[in-house]
Amino acid sequence: MDCKEALQRIHEHLDGNLKQAEVLKLKSHLDQCEHCNQLFIELERTEALVKSMPRYSAPDELTDRIMNALPQTPGRRLGLSWLRRHPAISVASIFLIVMVASFLALWNQDTELMVKGSDLDQVVIEGDTVLIPTGTTYNGNLVVRGGNVKIDGDVEGNITIVDGSYQMASTAHISGQIQEIDQALSWLWYKVNEFFSMFAQ
Ligand SMILES: [Zn+2]
């Protein structure tokens with residue numbers, strides 16, 4: 001078996017379409033060929049990742065839009081097999097698809113106030129207003145979605161406000177930045193950055 005045939009067999013194997021005798025032949029090639037073996041491991045990993053993806057409820061139209069945005073060969077729809085044949089970008093694409101889809105599912109469902117931060121004890125929530133009272137110091141970053149932020153005290157960190165507004169008292173002090181995000185896309189971008197910054201730490 002040469003490498004070209006091996007690649008073909010690998011795809012068939014991952015599709016579950018390979019007979020036992022053929023599997024053994026493939027395995028013996030993989031034992032001898034580091035290049036194909038490496039590829040096999042990569043593809044298997046991608047496969048596992050695809051299967052482990054959460055069953056999100058992305059609207060069909062959205063899924064189509066994402067798929068259309070990805071490069072594709074004329075007349076052929078992108079799918080699992082396409083991703084499998086492009087292992088190098090698979091993980092990134094899948095990540096993006098999952099991200100966009102789960103984000104939009106979330107975006108559509110969840111319009112209530114969301115407050116995220118590391119020091120929420122310092123925060124007072126009144127209706128859809130998040131208040132950092134005078135004389136308190138909030139340590140860390142704060143993310144508020146779908147509400148208003150009123151800053152009377154001090155913030156040692158950044159504030160991100162999504163689909164909302166903020167008021168800042170003249171006595172207030174923020175060591176970081178205030179970022180306002182109004183667009184779904186900006187929010188997605190923010191999430192993507194957040195995701196990648198996890199690896200940068
Ligand atoms: Zn080979």
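**The metal site**

Trainee: Which protein donors does the zinc ion have?
Mentor: Donors are N, O and S atoms within 2.8 Å of the metal (3.2 Å for Na, K and Ca), and as water is not among the atoms, sites may look incomplete. Here Cys3 (SG), His29 (NE2), Cys33 (SG) and Cys36 (SG) lie 2.1 to 2.3 Å from the zinc ion. This is a predicted model, where local features need pLDDT of at least 70 and side-chain atom pairs pLDDT 80 or more, while totals for chains, interfaces and linings use all residues. Residues are numbered from 1 along each chain as its sequence is written, and side-chain values use heavy atoms, without hydrogens and water.

Trainee: How are the donors of the zinc ion spaced along the chain?
Mentor: They follow C-x25-H-x3-C-x2-C. Cys3 lies in helix 1 and Cys36 in helix 3 (residues 34-52), so this pair ties together parts 33 residues apart in sequence. Helices are DSSP runs (H or I, at least four residues), numbered from the N terminus.

Trainee: Which residues of helix 1 meet helix 2?
Mentor: Contact means heavy atoms within 4.5 Å. Cys3, Ala6, Arg9, Ile10 and His13 in helix 1 meet residues of helix 2 including Leu26 and Leu30.

Key: Helices (H or I, at least four residues) and strands (E, at least two) are DSSP runs, numbered from the N terminus.
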